[in-house]
Amino acid sequence: MVGYDDSFDIVVVGGGPVGLSFAASLGQSELKVAVVEQQPLERLANPAFDGREIALTYASIRILREVGAWDAIPASEKSPLQGARVLNGSSPFAVYFDPPRGSEEPLGFLVPNCRIRDALFKTIRLQDHAQLICGHSVVDATNSHKGAVITLSDGRRLTARLLVAADSRLSATRNLLGIGADINRLGKAMLICRVRHERLHHQIAVEWFDHHQTIAMLPLTEGVSSLLLTLPLNDADRLLAFDDDLFLRELTNRCRERLGKMSLASTRHSYPLVTTWAHKFWAPSAALIGDAAIGMHPVTAHGFNIGLSGQKQLADQILAACRERRDIADPDTLQKYESWLRRSAAPLYHATNILVGLYSGEHPAARIARHAGLRFAQYLPFVRHGISAMLRR
């Protein structure tokens, strides 16, 4: 397209929250950055509500504040999370996660994904170093120690010293770079909508593992929650096709009237569940961030936080290289990023997969283990307090 440069220091593929935050994190540098996004500019500038509410830790909030995005999110869209409860079927036992005793701060905040995207887009538009190239996908990418060449769907070729893939857990760019990944299609979908309800939620999130389903209720404004229902794909498609009245009756029945009478407060959305772990997080003159590197199961609500901290680590490594007049795509720099991300994410990624296996299993041994696990965790304060502290880092 006329008016665009074709040579950049860094090309980021993917204009989602992690890709945009990475570009924003480089805002204090003199690097020329391009963000390639296949959606048109209008959709990037006005992101639609997609049902997803992101549970942000304090570390993620600090990152968003540093790039100027946190203050661009309206206060009315930031819902404090005062605690969480984990339930197992009809068992009377639950695991409680609460702020440390004496603390007046919540565990974190719930913010709509679309509001995070909007704030980061506005941040990028205020920065001179980053250029948005929208409405085009990447159809080819070659990389070597000398740099990367990216071909767009309109035939244009972009060159970069470093190519960064941030284009989802089924990343086409990752495939073009020849980087394999463990991809686990779970055969389930997460159905999400906002509901109004009679009973108070007291800003407490509830996750309820039941037979053949998992329900999460995330507290938003008073009397409104985001309800997430994880089901086999066929069941999720069936519920999504119901009219509003039948859909609400089904939800109320599945929730055992935990929230009282409910009514819809938003559109309904469904997402197939897929987890991914890339075999490598970098290649010559290339790196993976966000879901292109690690696609977490949403049960622990930490996927975005890991992606945000990962892009921050890579950006910091690049900024340090700039200050020291080193190559921004130096293999040692990219290796340090990969080592950090593996150390940070691997324990939570594998623990989450074990948790999902334990709590979604229907055989008798799994049910006994779930029941015992809840009782064990509840009576070991260091387990609960340790997880709560992790949320507040």
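Let's begin inside. Strand S2 is covered on both faces: Val 33, Val 35 and Glu 37 are buried on one side, and Ala 34 and Val 36 are buried on the other. Buried means under 20% relative accessible area, exposed means over 50%, and partly exposed is in between, with a 1.4 Å probe and protein chains only. S2 spans residues 33-37, and five of its five residues are buried.

A word on the model. It is predicted, so local features need pLDDT of at least 70 and side-chain atom pairs count only at pLDDT 80 or more, while totals for chains, interfaces and linings use all residues. Residues are numbered from 1 along each chain as its sequence is written, and side-chain values use heavy atoms, with hydrogens and water left out.

Now the neighbours of S2. Which strands pair with it? Strand S1, residues 7-13, runs parallel to S2 and is joined to it by four bridges. Strand S8, residues 130-134, also runs parallel to S2, with five bridges. Two strands pair if DSSP finds at least two bridges between them. Two partner pairs to look up: Ile 10 bridges to Val 33 in S2, and Val 36 bridges to Ile 133 in S8.

How does the chain get from S1 to S2? S1, helix H1 (residues 17-25) and S2 form a right-handed β-α-β unit. Right-handed means that, with the strands pointing away from the viewer, the path from the first strand over the helix to the second runs clockwise.

Gly 68 follows H3, with a positive phi near 90°. Helix H4 covers residues 113-125 and contains Asp 118. Is Asp 118 buried or exposed? Asp 118 is buried, at 11% relative accessible area. Leaving out residues up to four places away in sequence, Asp 118 touches Ala 45 and Pro 47. A contact means heavy atoms within 4.5 Å.

On to charges. Side chains of opposite charge can pair when their charged atoms come close. The rule for a salt bridge is a side-chain nitrogen of Lys or Arg within 4 Å of a carboxyl oxygen of Asp or Glu. How many salt bridges are there? The count is 13.

Take Asp 327 and Arg 161. Their closest N and O atoms are 2.6 Å apart. This pair links distant parts of the chain, 166 residues apart: Asp 327 sits in the loop between helix H8 (303-323) and helix H9 (331-360), and Arg 161 sits in strand S11, residues 157-165. Asp 327 is partly exposed, at 31%.

In H9, Glu 338 and Arg 342 are four residues apart, about one turn. Their closest N and O atoms are 3.5 Å apart. Glu 338 is buried at 10%, whereas Arg 342 is partly exposed at 27%. Salt bridges that share partners also build a network, joining Glu 66, Lys 312 and Asp 316.

Two of those three residues, Asp 316 and Lys 312, lie in H8, four residues apart, about one turn of the helix. Their side chains meet at 3.4 Å, N to O. Asp 316 is partly exposed at 33%, and Lys 312 is partly exposed at 22%. Why can such a spacing work? An α-helix has 3.6 residues a turn, so residues three or four places apart point the same way.

Then the cysteines. Cys 193 is buried at 1%. Cys 134 is buried too, at 13%.

Last, the whole chain. The protein chain has eleven helices and 20 strands. Of its 393 residues, 55% are buried. Among contacts with a separation of 6 or more, 72% are between residues 24 or more positions apart. The accessible surface is about 17,800 Å², and 53% of that belongs to carbon and sulfur atoms. Those areas come from the Shrake-Rupley method with a 1.4 Å probe, and for residues, only the protein chains shown count as cover.
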